[in-house]
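Please view the sequence and the structure together while reading.

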Amino acid sequence: MLGEVLVESDQRPTEPPVFARTGIRVLGSFESRQAPEKLAELIVDRVKQAAPTGSLVLQAFTPDSPAGNRLADEADALLETVRTRLPKDRLLEETWRAREAGAMLVELCVAPGAVMVGSVPAREALSLSPGGRQRMRRPGDAPSRAAMKLEEALINMPFEPGRGEVCVDLGAAPGGWTQRLVARGARVIAVDTAKLLPELAEHQRVEHVHMSAFDYTPEEPADWLFCDMAWRPLEVAQLLAKWGRRGWATHLVANIKLPMKDKNPILLRVRHILTEDGGWQSLTIRQLYHDRDEVTVTAHRAGTL
Ligand SMILES: C[S@@+](CC[C@H](N)C(=O)[O-])C[C@H]1O[C@@H](n2cnc3c(N)ncnc32)[C@H](O)[C@@H]1O
């Protein structure tokens with residue numbers, strides 16, 4: 001019934017899944033060959049049973065496959081029909097407020113032949129975007145696609161680097177992440193053997209340290225450690241663990257490259273190195289929508305949350 005790219009399980013995973021875009025508790029599955037009005041009525045009944053009170057963020061998505069993409073208009077139309085049948089004062093339009101508002105995320109998944117409705121409290125959701133597809137326009141002045149990975153990682157964090165904070169960016173060139181951090185008002189120490197874009201290299205809040213990240217020692221502890229180094233995952237994890245152990249940074253956002261086919265054994269070791277050897281806490285590991293053969297790790301040091 002579920003079809004391509006959707007996975008159903010009887011049990012909630014004990015650890016948040018790394019490679020799933022999103023995860024919802026299925027409230028009902030319906031044949032899609034019925035009148036939209038009837039379908040909407042069935043969906044609304046399930047939603048009201050599962051969440052009789054409180055704010056709702058209502059979204060629709062289609063499976064991320066060619067057959068799924070062809071259903072985008074159908075999904076939009078169904079979303080509108082369901083929306084008109086729910087009390088207006090329960091619908092929260094500002095999705096970005098869903099976590100602090102304690103809202104329930106209700107997702108309609110319009111798949112070939114079937115429509116599912118599911119829900120998850122926004123605070124526990126893997127992503128607040130429909131189906132976890134965090135679409136983002138490429139920032140006009142960003143020098144690399146990498147900037148979008150950073151923006152997506154920051155959207156999903158409870159706080160972000162701000163004015164005056166010190167950020168170390170390991171593997172910074174050509175400067176997509178550095179540029180986004182500078183735009184937020186942060187001071188950036190960009191460590192890379194390769195060149196930064198000239199306007200960043202000359203920026204007054206950017207210091208380019210032209211050396212290998214493995215040889216770099218910070219002069220003062222940083223607020224944030226960013227890392228997008230194209231290097232072997234276990235060696236990068238060990239480097240990040242050293243930063244954690246030595247208290248060189250408070251918050252961590254790192255993109256770990258996983259070009260190998262069997263990613264899970266390496267991921268387990270990366271997790272172990274970061275938490276057991278590095279003392280990093282509140283670790284999240286997720287393959288974001290903009291990640292390719294890579295995952296994004298976020299973490300904090302004890303007492304910082
Ligand atoms: C994917 S790119 C980083 C893109 C960057 N985040 C951006 O937004 O523009 C990977 C970078 O890692 C750097 N790198 C690889 N090994 C490194 C090392 N040992 N020390 C510092 N940088 C390294 C490469 O020079 C390259 O610039």
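A polar contact is understood here as a pair of N or O atoms within 3.5 Å. The model is a predicted one, and in it a nitrogen atom of the ligand lies 2.8 Å from a polar backbone atom of Ala213. With the ligand taken alone, 610 Å² of its surface is exposed, and the protein buries 82% of that area.

- At Pro174, a backbone N or O atom lies 3.3 Å from an oxygen atom of the ligand.

**Pocket and shell**

- The ligand takes up the space of the second largest pocket.
- There are 18 residues around the ligand, and those that come nearest are Gly176, Trp177, Asp192, Ala213 and Asp228.
- By residue class, the shell around the ligand is made up of eleven nonpolar, five polar and two charged residues.

**Domain arrangement**

- The protein chain is divided into domain 1, which covers 25–132, and domain 2, which covers 146–301.
- Between the C-alpha centres of domain 1 and domain 2 there is a distance of 34 Å.
- To the contact between these domains, domain 1 gives five residues, while domain 2 gives four residues.

Technical notes. Residues numbered from 1 in each chain as written. Predicted model: local features only at pLDDT ≥ 70, side-chain atom pairs only at ≥ 80, totals over all residues. Heavy atoms only, no water. Near = heavy atom within 4 Å. Polar contact = N/O pair within 3.5 Å; in protein donor to acceptor, adjacent residues only side chain to side chain. Areas by Shrake-Rupley, 256 points an atom, 1.4 Å probe, with all protein chains shown as cover. 1 Å grid on protein atoms, 1.4 Å probe; cavity = no way out; pocket = protein on both sides within 12 Å on 5 of 7 lines; lining within 4 Å. Sits in = over half its atoms within 2 Å of the grid points. Nonpolar A, V, L, I, M, F, W, Y, C, P; charged D, E, K, R; others polar. Domains from an automatic or database assignment. Contact = heavy atoms within 4.5 Å.
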